[in-house]
Structures are given as C-alpha cells and as structure tokens.
Protein chains: 2
Amino acid sequence: MRALNVRSSPVRDLLALVSRPEVISFAGGLPAPELFDVDGLRAAFDRAVSRRTLQYAPTEGDPDLRASIAARLTGRGLPTDAGQLLVTSGSQQALTLIATALLEPGAVVAVEEPTYLAALQCLGLAGARLVPVAGDEHGLVPESLAEVVERSKPELLYLVPTFANPTGRTLPAARRAAIADLASRHGFWVVEDDPYGELRYAGEAVPTLASFGDRVLHVGSFSKVGAPGLRLGWLRAPADLLRALVVVKQAADLHTSTIDQAAAATYLAETDLDAHVATLCREYGVRRDAMLAALPGTLPAGSTWTTPDGGMFVWAGLPGDVDAAVVLERALKHDVAFVPGGPFFATTPDHSTLRLSFTTNTPERIAEGMTRLSAAFG
Amino acid sequence: MRALNVRSSPVRDLLALVSRPEVISFAGGLPAPELFDVDGLRAAFDRAVSRRTLQYAPTEGDPDLRASIAARLTGRGLPTDAGQLLVTSGSQQALTLIATALLEPGAVVAVEEPTYLAALQCLGLAGARLVPVAGDEHGLVPESLAEVVERSKPELLYLVPTFANPTGRTLPAARRAAIADLASRHGFWVVEDDPYGELRYAGEAVPTLASFGDRVLHVGSFSKVGAPGLRLGWLRAPADLLRALVVVKQAADLHTSTIDQAAAATYLAETDLDAHVATLCREYGVRRDAMLAALPGTLPAGSTWTTPDGGMFVWAGLPGDVDAAVVLERALKHDVAFVPGGPFFATTPDHSTLRLSFTTNTPERIAEGMTRLSAAFG
C-alpha cells in the first residue's frame with residue numbers, strides 16, 4: 001500500500017491558516033477576482049452550451065480553442081500549429097502528464113532552485129529524484145546546469161523562466177539559448193512553465209525558451225490572463241511525445257471539460273484578450289509598485305528582495321538566523337499572511353526566505369497589510 | 001525515457017474509424033445527446049458564473065455539490081456524508097487517483113473479466129500487474145476471487161458491479177456481500193465503478209457494493225445521468241484514504257473546474273434529477289428492447305448475448321472461430337460499427353466477443369443498423 005507515503009502539501013496547510021476574512025493574505029498566487037471579466041465569460045458560457053459541448057469530446061482538445069492558443073503563441077514569437085497542442089485541465093495537469101509520460105520512478109529531474117512547490121510535489125509523486133540547479137538575480141545559471149547535467153544526467157529540467165514562482169525573476173535570452181543548447185546536446189527535455197509570461201509591467205519581452213530549441217515543452221494557462229476556475233491549460237510538444245501525452249491524458253480524465261473549452265474558445269474569438277491583459281498589467285503594475293514602495297519600511301534592515309518586471313510575486317530574504325515560518329505565526333496574529341520560502345527548495349531549504357504575492361489585494365490593502373507585517377517584525 | 005512504452009488505446013483507434021457521419025455506431029458508450037437537458041444546464045451555467053466560481057477553489061470540491069451527491073447516495077441506500085466525497089474530473093480521474101495513491105509499480109490488481117478497457121489502461125499505466133477474475137452470467141464469481149486472493153494477494157479489485165461495461169451484467173446482492181467480506185478479511189481495496197447504477201429499465205435495484213463493507217471505494221459520475229461534457233465524477237472513501245487522494249488530486253489538476261461544479265450544484269438544487277433519470281430510463285429501455293428484438297435476426301445462429309436490466313451495453317459471443325475485429329472491417333463497409341471484445345480482457349482475449357451500445361441511437365436507427373450488421377455476416 002502506497003497511501004501512507006503521500007504527504008499533504010505545505011501550501012495547502014498554509015492556505016488553511018489564512019482563510020479568516022480579516023487576514024490580508026499575500027500568500028496565495030490568486031488573480032484579483034474584481035478584474036475577472038464576469039459578464040464576458042457568462043456570455044461565452046451562454047453561447048457555448050449545446051448538445052455538442054455537453055457530450056464527450058476528443059482528448060486533444062477543442063479544435064477552435066487549440067487554433068486560438070496556437071495563434072496567440074505564434075503572435076508571441078513561438079510559431080505554433082494547433083496540432084502541436086494538447087489542452088489540459090489547468091497547467092498543473094500538464095506537469096503531471098509530462099511526469100507520467102516521461103519519468104520512471106527514480107528518474108533524475110533538475111529543477112530551478114527555488115521553484116514552484118506544486119511542481120516539486122508532482123515530480124515527487126512521480127518518484128523523481130530532484131537535483132537543484134543554482135540561480136542568481138537573473139534566474140537559473142547555465143554553468144550550474146551544465147555541472148548538474150555532467151554529474152547527474154537528468155532526463156528533465158523544470159523551470160519557470162519568466163516572472164518565476166516564487167522569485168519573480170526573468171531569465172535573459174542568452175541564458176535561454178544556452179539552456180536549449182544544453183538540452184539538445186545532452187538529450188534531456190526542458191519544461192518551460194509559463195503561466196505569467198503575458199503579465200509584464202516593465203522592461204522588454206524576452207522570447208520563450210521554447211523558441212530556442214525543440215527539446216523544450218512549453219506549458220501555458222488561461223488561469224492568469226482569463227480565470228482559473230475554468231481549469232484550462234495547454235502543452236506544446238513535438239508530435240511523437242504529444243501522442244504519448246494524449247494517451248496519458250486519456251487515462252487521466254478522458255478529456256478536459258467540453259463546455260469550459262468551448263466557452264474559452266468563444267470568449268477568445270469574441271473578446272480582445274490583449275486589451276484585457278493590458279488592463280490586468282496596468283492594475284497589477286500599480287499593486288507591484290505599492291508593495292515595492294512599502295518593502296523598505298516593512299522588512300528588517302539588511303533584508304533583500306526581488307524587483308519583478310511582471311507576474312505575481314516578490315521574493316525576500318531576511319537577515320541573520322530568522323525562520324520565516326516563525327515570522328508567519330507572528331504575522332497571523334497581526335492578521336496578515338505570506339508563504340515562508342522553505343518549501344520552494346527541492347533539497348536544502350533556506351528558511352530565511354519568504355514569498356509575497358501582490359496581485360490579489362488593492363494598493364490600499366497592500367499598504368495596510370505591509371503595515372501589519374512590519375508590526376510582526378516589531 | 002518512458003514515453004515509448006505508452007501505447008495508444010484500442011478504443012481511440014476504433015473511434016477514429018467510425019467518425020464518418022453515414023456510419024451507425026454501436027461502438028461508443030455515448031449518452032443520447034437529444035436527451036440532454038440543454039436549457040436546464042444553460043440556465044444553471046448562467047446562474048453559476050460569478051467572481052467566486054471563476055477563482056481557484058478547494059481541492060475536495062464545491063461544498064454544495066458534495067452535499068447534493070451525498071444526499072443522492074444516501075437516498076440510494078448508501079449513507080454518505082459530504083466529507084467522505086472527493087469531486088473528480090469525471091469518474092475516469094477517480095480511477096487514476098486511486099491507482100496513484102494506492103499502487104506501487106508491480107502491485108497486483110484483480111479485475112473482473114472482461115472489464116472497462118480504460119480502467120485496464122489506467123491500471124496498466126500505473127504499472128499494476130493485472131490478474132483476471134472469472135465471471136458468469138451474473139458477473140464476477142466470488143469463488144474465483146477467493147482463489148485469486150489466495151494465489152496472488154491483490155491490493156485492489158476493480159469491477160463495475162451494476163450493468164457492467166462491457167457485459168451489461170449485474171452482480172446479485174449475495175455476491176456483493178461475499179466480495180466485501182473477502183476484502184475485509186484479506187485487507188484489499190475494492191473499486192466499485194458505478195456510472196450506470198441509476199439507469200435501470202427492468203428488475204429490482206440491488207444495493208451498492210459499498211453498502212456491504214468499508215473496504216469499498218465507490219466511484220460515480222454525472223456523465224450518464226446529466227452530461228459528460230462537464231467532466232464531473234466523485235469518489236467516496238474512508239477519511240484516511242480520502243486525505244491521501246486529495247493530495248494526489250491536488251498534484252493532478254489542483255481541483256475540478258469551479259464553474260462546472262457550481263453549475264452542477266445549481267442544476268441539482270433546481271431540477272428534479274429523478275424525473276430526468278426516469279425519462280432517460282424510459283427511452284433507453286425502448287432502445288434496449290429494439291436491439292434485443294433485432295439480435296436473433298442479426299447475429300449468426302449459435303451466437304449468445306446478454307440481456308441487461310440497465311446501462312448501455314449488450315455483450316455478444318459469436319459461434320466458432322470468428323474474429324470480431326474482422327467482422328468489424330466488413331461491418332464498416334456496410335456503414336455500421338461496434339467494438340470487438342478482445343481489448344476488454346486483461347490477459348487472454350476472447351476474440352469472438354463484441355460489445356454493442358444501444359443508448360446513442362433511436363430505435364429506428366438501431367433497427368437500420370442491425371439490418372446493416374446482419375449484412376456483414378451475410
């Protein structure tokens with residue numbers, strides 16, 4: 001029996017702590033609900049419900065939705081044909097399908113350090129042996145990856161190259177090229193998890209990692225630019241691997257909700273998503289600025305933090321021998337929450353780190369939350 | 001690299017053959033789309049779309065939906081609390097979650113013979129070693145299970161006890177009690193896959209297998225009584241195991257579509273589902289009768305077939321050394337399709353068997369399709 005080996009997720013346990021309504025939470029990676037296009041999506045569902053969309057559907061996904069996603073990726077500089085795409089039940093499912101299709105128990109997987117903890121969990125459930133790759137202020141360091149490849153021969157590298165979770169960092173184009181080149185030469189796969197790529201508030205767009213080489217599986221999501229409640233993601237892969245992933249997807253859930261896919265396809269056909277994303281970027285940019293402006297007066301002297309050009313997260317480090325989990329307990333007494341950084345590390349956690357999300361709350365609530373947080377350090 | 005070991009599903013390949021509109025297909029297990037409550041479900045989606053239902057949600061599922069499902073199961077004689085339920089992305093996902101949570105590669109899983117082939121596929125992907133259990137005209141034979149338990153010590157038994165896929169057979173109460181007793185005494189889990197249990201056209205209801213013992217995981221679905229396009233299923237399990245399954249579900253896709261769950265909860269609250277199921281049963285019963293009436297004039301002399309009291313399928317055996325896959329090739333030339341029975345066997349296929357679904361087509365189309373099928377034998 002395996003069940004006893006399955007551990008609960010740290011994020012899950014933490015989120016249980018912050019469900020009190022009086023808590024200002026910087027913990028979750030939640031989009032701002034007041035920015036959801038509720039009317040547009042309701043109209044899309046209204047038009048999408050039909051005898052066809054209530055029936056079973058092909059595992060690969062709705063043809064119109066795949067075509068729309070392919071066009072958006074192509075427009076972002078990643079030439080994509082609908083036939084290269086598999087629609088998934090959120091991008092989280094894409095990670096699990098990749099792990100199931102590619103990894104035998106004990107397979108070595110290299111991961112950016114720190115990285116998205118639900119990816120660590122999903123790779124762990126697949127029985128992978130995780131090997132961290134060092135990063136700096138620009139993200140994963142290719143030389144460190146080269147050493148890991150030499151020493152541990154990973155079959156897969158997982159990373160969030162653009163506005164990373166949890167660090168907010170973005171990998172420069174030259175490093176992307178170097179990683180894609182390593183993957184081609186050594187024959188490992190790269191998973192480019194890209195839920196935040198379109199949420200840029202400063203600086204210039206960087207080409208997707210997948211545009212630098214054909215060993216890169218590009219994973220995207222409707223959750224941050226549309227709405228997470230539909231659980232829609234996608235996966236771009238070479239034809240051979242896509243066939244295997246479709247078989248794994250069929251065993252996992254036959255296919256993603258026909259009606260949600262049709263509603264998203266209708267929405268993408270009838271809405272100017274670029275205009276909606278521009279609105280999100282304007283507002284999220286203001287929220288990011290509110291958090292960055294408050295940080296010097298909030299965290300203790302000697303703290304460090306990232307200045308993300310987009311996405312949802314600021315990553316901070318506390319000075320000295322401070323455990324962010326202990327700070328969280330104090331913070332919760334002041335009705336404010338964040339995520340301690342330890343669980344984002346694959347092997348050796350740095351307990352002095354923490355993640356702050358700036359998208360869910362208004363600038364005013366962010367200011368109030370940061371004042372409460374400073375009291376937790378007081 | 002594991003990808004090359006993943007094989008395509010036989011059903012998938014077959015369905016590709018029958019997509020021509022002129023083909024009358026008895027192959028798929030599809031509900032009749034003209035019986036979908038399109039207006040009721042459209043109204044439910046219209047009411048369900050909100051800022052809350054477009055957001056991320058708890059992994060366990062929508063509280064209202066869980067309460068509705070618990071009440072329905074309780075009403076069917078299986079006392080259930082909402083806290084015992086996990087909402088899944090279709091009941092197919094429930095099977096994969098169970099396999100991931102419970103099975104190490106190489107684990108022994110006993111399966112009814114023949115059985116649902118996407119379950120065989122999903123258990124195969126989990127690395128299970130499948131051991132078939134013999135059945136007769138009343139379904140799985142407990143004495144055969146006792147021998148398999150003695151000999152192979154399975155960790156899990158998978159079966160569809162009511163209106164089985166593919167045979168249409170229903171396991172009598174005494175056999176259910178015997179199986180639940182074996183499971184309790186030997187400490188293995190039983191998966192009762194029950195997508196068809198409410199679709200009864202003749203005979204008396206039989207209590208669920210789960211009502212006979214606490215080693216039974218009960219898996220249900222909205223696909224056959226509501227609509228499959230929403231991809232909604234559920235899983236009833238003891239508290240300890242449910243916790244592990246929730247962690248596995250979180251890694252798989254975080255949670256099932258918030259909006260689809262809310263629409264189903266709204267629909268169940270505002271609709272008389274029992275009345276809708278009664279309509280389905282009346283119409284499907286007529287279709288079953290149309291197929292049963294045509295069978296003696298369709299299949300060659302010496303053929304056998306089941307007479308299901310409900311569900312979607314008739315299972316037939318051809319006389320002599322006939323391969324149903326070869327018959328299918330001839331049938332497709334006559335624009336009629338079915339599923340050859342071989343892939344439904346875990347180990348040694350009986351190629352003289354075939355499955356006919358009677359729910360998707362009207363009685364008139366069934367009569368026409370059976371005439372075409374008889375020509376394939378001509």
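## Helix packing and aromatic pairs

In chain A, helix α6 (residues 142–152) and helix α7 (residues 173–186) have axes that come within 10 Å and cross at roughly 15°. This is a predicted model, where local features need pLDDT of at least 70 and side-chain atom pairs count only at pLDDT 80 or more, while totals for chains, interfaces and linings use all residues. Residues are numbered from 1 along each chain as its sequence is written, chains are lettered from A and ligands numbered from 1 in the order in which they are written, and side-chain values use heavy atoms, leaving out hydrogens and water.

- The axes here are lines fitted to C-alpha atoms, for helices over the stretch in contact, with angles running from 0 to 180 degrees between N-to-C directions.
- Helices (H or I, at least four residues) and strands (E, at least two) are DSSP runs, numbered from the N terminus.
- α6(A) and α7(A) are therefore roughly parallel to each other (angles under 35 degrees).
- On the α6(A) side, Pro142(A), Leu145(A), Ala146(A) and Val149(A) meet Arg175(A), Ala178(A), Ile179(A), Leu182(A) and His186(A) of α7(A) (contact means heavy atoms within 4.5 Å).
- Sorted by type, the residues of this contact come out as 7 nonpolar, 1 polar and 1 charged (Ala, Val, Leu, Ile, Met, Phe, Trp, Tyr, Cys and Pro are nonpolar, Asp, Glu, Lys and Arg charged, the others, Gly among them, polar).

**Helix α10 with helix α12, chain A**

- Helix α10 (residues 273–298) and helix α12 (residues 363–376) of chain A have axes that come within 9 Å and cross at roughly 20°.
- That makes α10(A) and α12(A) roughly parallel to each other too.
- The contact of α10(A) with α12(A) splits into 9 nonpolar, 3 polar and 2 charged residues.

**Aromatic pairs**

- Over all chains, the structure holds 13 aromatic pairs (rings of Phe, Tyr and Trp, its six-membered ring, with centres within 6.5 Å; planes under 30 degrees apart are stacked, over 60 edge-to-face, the rest tilted).
- One of them is the edge-to-face pair of Tyr196(B) and Phe313(B), at 5.9 Å centre to centre and 90° between the planes.
- Tyr196(B) sits in the loop between β8 (189–193) and β9 (216–221) and Phe313(B) in strand β12 (residues 313–317) of chain B, so this pair ties together parts 117 residues apart in sequence.
- Tyr196(B) is buried at a relative accessible area of 5%, and Phe313(B) is buried at 1% (buried is under 20% relative accessible area, exposed over 50%, partly exposed in between; 1.4 Å probe, protein chains only).
- Back in chain A, Tyr201(A), Tyr284(A) and Phe358(A) form one aromatic cluster.

How values were computed. Parallel < 35°, antiparallel > 145°, perpendicular 65-115°, else oblique.
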